[in-house]
Amino acid sequence: MKGEFTGRHMAAILVTGFGVVIAVNVLMASLAVGTFGGVVVDNSYVASQEFNKWLARADRSRSLGWEPSVNHRADGRVEVSFADDASPDVLIATARHPLGRLPDTALMFRKVGAGQFVSEAPLTTGRWTLRLSGHAHEQVWRREVSLP
């Protein structure tokens with residue numbers, strides 16, 4: 001018989017099959033580790049004890065009704081606009097890269113009009129998550145927004 005299937009053929013198929021599976025697993029594991037953005041909290045037990053306080057702060061922040069519109073301008077600076085005069089007096093932010101590939105960047109804003117703020121320094125282009133923090137009198141407002 002011509003082209004007989006032998007034990008060598010079966011061994012080659014098994015070695016090749018397992019080799020492909022192992023190579024894909026190594027590739028996926030290295031990609032997962034390389035794009036890991038870090039931990040969200042240092043100690044999950046302590047964070048769970050603070051959770052209700054965080055929810056109460058978020059409710060107070062939402063009750064202020066400050067809804068921002070965030071834009072990345074052509075000059076690289078970030079513009080934050082509020083719909084009406086109900087806005088914070090002081091605005092700061094931390095820009096975080098979603099995948100942690102770039103270091104966090106602190107942004108300071110200056111008020112340029114009623115409810116209008118512009119960052120003092122430019123922010124590199126790309127996807128960012130902004131953690132905004134505004135203050136007006138004794139009121140504290142926080143919001144996390146995505147900047148495309």
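The following exercises, with worked solutions, concern a predicted model.

**Exercise 1. Classify the geometry of the aromatic pairs that involve Trp141 with Trp66 and with Phe82.**

*Solution.* 
Step 1. A pair of aromatic rings is described by the distance of the centres and the angle of the planes.
Step 2. Phe82 is located in strand β2 (residues 78-82), 59 residues from Trp141 in strand β7.
Step 3. Trp66, Phe82, Phe117 and Trp141 form one aromatic cluster.

**Exercise 2. Determine whether Trp66, Phe82 and Trp141 are buried or exposed.**

*Solution.* 
Step 1. The cut-off for a buried residue is under 20% relative accessible area.
Step 2. Trp66 has 5% relative accessibility and therefore counts as buried.
Step 3. Phe82, with a relative accessible area of 4%, is buried.
Step 4. Trp141 has 0% relative accessibility, so Trp141 also counts as buried.

**Exercise 3. Describe the setting of Ser81.**

*Solution.* 
Step 1. Ser81 lies in strand β2.
Step 2. Its relative accessibility is 14%, and Ser81 therefore counts as buried.
Step 3. The side chains of Ser81 and Gln116 are joined by a polar contact of 3.0 Å.
Step 4. Leaving aside residues up to four places away in sequence, Ser81 touches Glu67, Pro68, Ser69, Gly115 and Gln116.

**Exercise 4. Characterise the lining of the largest pocket.**

*Solution.* 
Step 1. The largest pocket holds about 1000 Å³ of space.
Step 2. Its lining comprises 35 residues; nearest the centre of the pocket lie Trp54, Arg131, Arg142, Arg143 and Glu144.
Step 3. At least two lining residues come from each of α2, β3 (90-96), β4 (105-113), β6 (128-136) and β7. The element that gives the most is α2, with seven residues.
Step 4. Sorted by class, the lining contains 16 nonpolar, 10 polar and nine charged residues.

Technical notes:
Residues numbered from 1 in each chain as written. Predicted model: local features only at pLDDT ≥ 70, side-chain atom pairs only at ≥ 80, totals over all residues. Heavy atoms only, no water. Phe/Tyr/Trp six-rings, centres within 6.5 Å; stacked < 30°, edge-to-face > 60°. Buried < 20%, exposed > 50% of the residue type's maximum accessible area, 1.4 Å probe, protein only. Helix = DSSP H or I, 4+ residues; strand = E, 2+ residues; numbered from the N terminus. 1 Å grid on protein atoms, 1.4 Å probe; cavity = no way out; pocket = protein on both sides within 12 Å on 5 of 7 lines; lining within 4 Å. Points joined across faces, edges and corners; volume = space filled by probe spheres on them. Nonpolar A, V, L, I, M, F, W, Y, C, P; charged D, E, K, R; others polar. Polar contact = N/O pair within 3.5 Å; in protein donor to acceptor, adjacent residues only side chain to side chain. Contact = heavy atoms within 4.5 Å.
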